[in-house]
Amino acid sequence: MKQVPASQNNQPVIGLFREHRDIETFVFKAAHYKQAYHELIDRINELGGYVAILMGQSTHKGNGVFTKHWVQVHDGSGYRFEKRGRIKVDMLYVKDFFDVPEGDRLLQVNTLAFRQLCSDKHAAYQLLEDFHPKSRLVYTVAESKEAFDDIPGTHIVVKTLYGNSGTGVYVGPKNEFSVTKYGKDFPWQVQEYVETERGIPGIATGRHDFRVVLKNGEPVIATLRTPPDGEYKSNIGYGGETCLIDRSNIPEALVQLSRQIDARLSSLGSERFYSADFGLTENGWVLFEVNALPGTLDRARGEEAIYYQETLAAFLVDIAKRERRKQ
């Protein structure tokens with residue numbers, strides 16, 4: 001059934017900022033990613049929200065007003081996105097780079113300041129140093145050698161400040177690191193390597209990366225990511241495997257740590273939906289990274305994914321309804 005524009009029925013409007021580029025059509029990376037978006041938007045609609053899909057920084061005219069938007073329509077044979085005109089959103093869920101002028105009154109889930117911090121690995125380290133392995137920012141080869149000597153252990157982690165999915169990351173023995181082979185421009189973040197080979201009791205038996213999605217500091221779901229035998233990187237692109245973990249199985253010590261970390265981040269925005277990567281060491285949990293743009297999950301992945309989708313939809317609708325009542 002064709003959706004009714006929000007202006008005709010006073011629905012709370014959730015702006016989903018999908019693309020920074022000013023384009024007319026958009027594509028999804030994979031079929032399951034596309035399906036997850038369709039399902040999420042359907043669930044928001046069922047909860048009484050109106051999803052305005054937004055593309056193009058230039059379409060924002062301030063305080064939540066956009067010159068054009070798209071809505072998802074299911075016409076019986078499948079989904080399509082129908083272009084519509086000007087709209088004022090009650091809140092914005094940002095899934096790409098989005099700038100906003102100082103003083104703008106648009107409420108965002110994950111503000112610009114929050115997203116900038118999460119995207120810069122060393123800026124995040126400076127704010128959350130108490131929870132991270134020891135790190136140093138280096139600008140030259142000489143400084144990197146000093147950092148290698150200063151940071152304890154036989155292994156090391158070297159990262160570019162920006163990037164994800166394991167790109168620009170070296171993990172391994174210090175004596176096998178090659179500046180030429182690494183080939184990345186400075187600055188680098190040089191970080192202490194922490195061993196997680198002891199696993200997580202009842203969850204993992206060896207090296208791991210434990211990603212927790214957080215809604216204002218409260219765990220929603222976790223993903224266990226494990227590297228191939230003898231390797232260090234757990235990213236899928238490097239042969240890693242993933243497994244969804246129900247929120248009830250997230251260790252209580254990690255739940256408490258997540259809340260402490262979120263308390264540090266709360267000054268960067270009142271509404272936050274993000275992920276944090278952890279590892280369990282012989283000395284307890286440590287934080288690896290925070291990510292302001294967690295992915296979506298389609299319902300075919302099971303009960304954990306359904307709960308994730310339901311929680312995100314309800315979170316966005318509740319915020320939009322609250323903002324609409326203020327008007």
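The legends below describe an overall view and several close-up views of one predicted model.

Residues are numbered from 1 along each chain as its sequence is written, and side-chain values use heavy atoms, with hydrogens and water left out. Because the model is predicted, local features need pLDDT of at least 70 and side-chain atom pairs count only at pLDDT 80 or more, whereas totals for chains, interfaces and linings use all residues.

View 1. Helices (H or I, at least four residues) and strands (E, at least two) are DSSP runs, numbered from the N terminus. Along the principal axes, the C-alpha atoms fill a box of roughly 65 × 40 × 35 Å. Of the 327 residues, 53% count as buried; buried means under 20% relative accessible area, exposed over 50%, and partly exposed in between (1.4 Å probe, protein chains only). Among contacts (heavy atoms within 4.5 Å) between residues at least 6 apart in sequence, 62% join residues at least 24 apart.

**View 2. The largest nonpolar core, made of 33 residues.** A nonpolar core is a set of buried Ala, Val, Leu, Ile, Met, Phe, Trp, Tyr and Cys residues joined through side-chain atoms within 4.5 Å. Ile44, Val109, Phe273 and Leu316 have the most contacts inside the largest core. Elements that each supply at least two of its residues include strand 1 (13-19), helix 2 (31-46) and strand 15 (218-226). Helix 8 gives the most, with 9 residues. A second, separate core of 28 residues includes Phe114, Phe131, Ala222 and Ile245.

**View 3. Surroundings of Phe273.** Residues up to four places away in sequence are not counted here. Among the residues that Phe273 touches are Tyr93, Val109, Asn110, Val220, Pro294, Tyr308, Leu312 and Phe315.

**View 4. Glu19 in strand 1.** Glu19 is buried, with a relative accessible area of 9%. Its side chain is joined to that of Arg18 by a polar contact of 3.3 Å. A polar contact is a pair of N or O atoms within 3.5 Å; within protein, one must be able to donate a hydrogen and the other to accept it, and residues adjacent in sequence count only if both atoms are side-chain atoms. Leaving aside neighbours within four places in sequence, Glu19 is in contact with Phe26, Leu54, Met55, Gly56 and Asp96.

View 5. At 25% relative accessibility, Asn63 counts as partly exposed. Asn110 is buried, at 0% relative accessibility.

**View 6. The cis peptide bond joining Phe186 and Pro187.** Omega of this bond is about 5°. Pro187 is found in the loop between helix 6 (179-182) and strand 13 (188-192).

**View 7. Cys118 and Cys243.** Cys118 is buried, with a relative accessible area of 9%, while Cys243 counts as partly exposed at 40%. The count of disulfides is 0, a disulfide being a pair of cysteine sulfur atoms within 2.5 Å.
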